[in-house]
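Take a moment with the sequence and the fold. The paragraphs below walk through them step by step.

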Amino acid sequence: MSKQTDDFFKNVVSHAKEYGFVFPSSEIYDGLSAVYDYGQLGAELKNNLKQYWWKAMVQLHENIVGIDSAIFMHPTIWKASGHVDGFNDPMIDNKDSKKRYRADQLIEDKIARYEADGKTDKAAQLQADLDAALNADDLPGLKKIIEEHRIVCPISGTSNWTDVRQFNLMFSTQMGASAEDADTVYLRPETAQGIFVNFLNVQKSGRMKVPFGIAQIGKAFRNEVIARQFIMRMREFEQMELQFFVRPGTELEWYAQWKETRLKWHLTIGGNPEKYRFHDHVKLAHYANAAVDIEYEFPFGFKEVEGIHSRTDFDLTQHQKYSGKKMQYFDPEINQNYVPYVIETSIGLDRLFLTVLCNAFEEQDLSSGDKQDSRSVLHFHPALAPVKAAILPLTKKDGLPEKAREILQRLRIDYNVQYDEKDSIGKRYRRQDAIGTPFCITVDYQSLEDNTVTLRHRDSMEQERVSIAELEKIIAELVGWKNLLGAL
Ligand code: ATP
């Protein structure tokens with residue numbers, strides 16, 4: 001990371017804390033590694049992102065429905081899905097710093113450094129070697145790469161490494177009141193399995209016809225070997241997943257279609273298109289016959305935000321095998337029974353939140369002539385902004401607060417709005433810019449005479465005079481979901 005992007009990222013993280021978006025968990029006890037809490041504005045932004053996803057995926061598709069399955073599930077589910085035996089990361093410890101790393105990530109960091117130094121051939125060769133070793137589950141091979149490329153521990157600076165070992169990422173706990181009848185259960189590492197095991201429940205109760213999809217938003221838990229980069233890699237996080245069931249043989253067409261649909265969704269949020277790219281998987285998971293990531297260029301490089309996988313009939317077949325229950329669908333159009341194939345789109349809500357924050361954050365220099373001025377601003381899409389409008393009486397007296405509160409009462413029924421009468425109007429504008437409020441409504445003396453207010457726009461900082469009677473209509477027009485959903 002260059003100094004400039006490093007500073008930018010540090011500023012994003014501290015801004016997120018200062019204004020109540022994201023706090024380290026258990027902070028007064030010095031925090032809990034890779035666990036974060038969303039503050040008063042973070043929770044609003046997160047809810048808006050969930051709503052946008054849900055509306056785009058469920059509400060706009062006749063053949064997609066949403067569910068909310070439990071976090072705890074029968075332990076055999078994780079045996080069937082392959083997570084008990086195969087949900088591992090290759091880890092390596094540095095004996096001097098006692099720090100633990102993911103071997104593949106150490107190598108990826110080296111590739112990024114080669115690229116940054118213009119050694120593209122070397123980077124490509126190392127990427128190929130890494131892919132080959134991962135593909136073959138060759139742990140000694142990974143160690144050899146680390147040694148050959150003289151990869152050192154960022155903390156101790158030494159290459160005094162242990163062997164590479166596999167580490168299962170699932171958290172387990174005990175269910176049941178007494179030790180004798182306690183059963184080991186897992187905190188789900190993905191929401192997908194809750195969908196698969198409900199496939200027939202939903203299909204039958206909803207009279208769904210293939211192709212159809214089941215969507216879900218929920219928490220997932222992974223005991224990540226190393227957690228870093230703020231809310232990028234957490235031990236408790238949230239996923240928004242779709243499992244789309246299709247007729248066998250048609251899955252790659254659907255895969256291509258979902259790739260495009262999902263990228264478009266990301267672009268509507270307002271990011272620079274150049275910051276997004278597809279990254280095809282070389283090492284396919286045991287269940288997939290095609291897989292791609294949508295990556296976003298964070299200040300620390302391109303990283304996965306969403307995965308799109310053609311999961312074949314692997315999961316349903318496995319559950320059929322382990323549960324002894326048929327997981328088949330009768331397709332009346334071709335008069336056949338089959339286990340459907342599945343396309344999955346899986347996005348991490350926290351990573352999405354981070355893309356939105358990075359896209360939106362700007363420290364703007366507003367100096368003109370000798371006058372130094374600047375502001376921190378979050379350019380959220382108005383439909384996603386945590387606070388839609390701030391209502392600001394110019395002064396605290398002469399009936400202006402009362403007039404402003406009348407407007408507040410009307411708008412708060414439909415929107416999350418704020419009232420603020422403290423400090424100068426300029427300072428209040430800056431505070432709203434910093435939390436990304438798209439509109440400020442200022443009530444002044446003229447408002448008492450002609451029932452008009454000024455409406456200030458966050459991005460342009462321009463102000464216009466509008467009538468109070470028109471406010472609801474104007475705000476609805478500007479922050480409504482159709483601004484996002486209409487572009488899909
Ligand atoms: P990575 O390679 O970065 O570990 P993954 O390929 O294991 O991710 P998936 O299993 O495909 O991730 O999960 C789908 C999505 O869930 C990811 O695209 C990501 O946005 C999100 N996700 C996965 N692990 C985490 C985590 N530890 N913290 C936050 N989000 C996560």
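Of the 488 residues in the chain, 50% are buried, where buried means under 20% relative accessible area, exposed over 50%, and partly exposed in between (1.4 Å probe, protein chains only). This is a predicted model: local features need pLDDT of at least 70, side-chain atom pairs count only at pLDDT 80 or more, and totals for chains, interfaces and linings use all residues. Residues are numbered from 1 along each chain as its sequence is written, and side-chain values use heavy atoms, with hydrogens and water left out.

Next, the fold. The chain holds 17 helices and 23 strands (DSSP runs numbered from the N terminus: helices are H or I of at least four residues, strands E of at least two). Its radius of gyration is 26 Å, close to the 23 Å that the globule rule gives for 488 residues, so the chain is as compact as a globular protein of that length. That radius is taken over C-alpha atoms, and the rule is 2.2 Å times the number of residues to the power 0.38. The C-alpha trace spans about 75 × 65 × 50 Å along its principal axes.

Contacts come next (heavy atoms within 4.5 Å). Among those between residues at least 6 apart in sequence, 66% join residues at least 24 apart.

Now the cysteines. Is Cys 153 buried or exposed? Cys 153 counts as buried, at 1% relative accessibility. Cys 358 counts as buried too, at 6%. A search of the whole structure finds zero disulfides, a disulfide being a pair of cysteine sulfur atoms within 2.5 Å.
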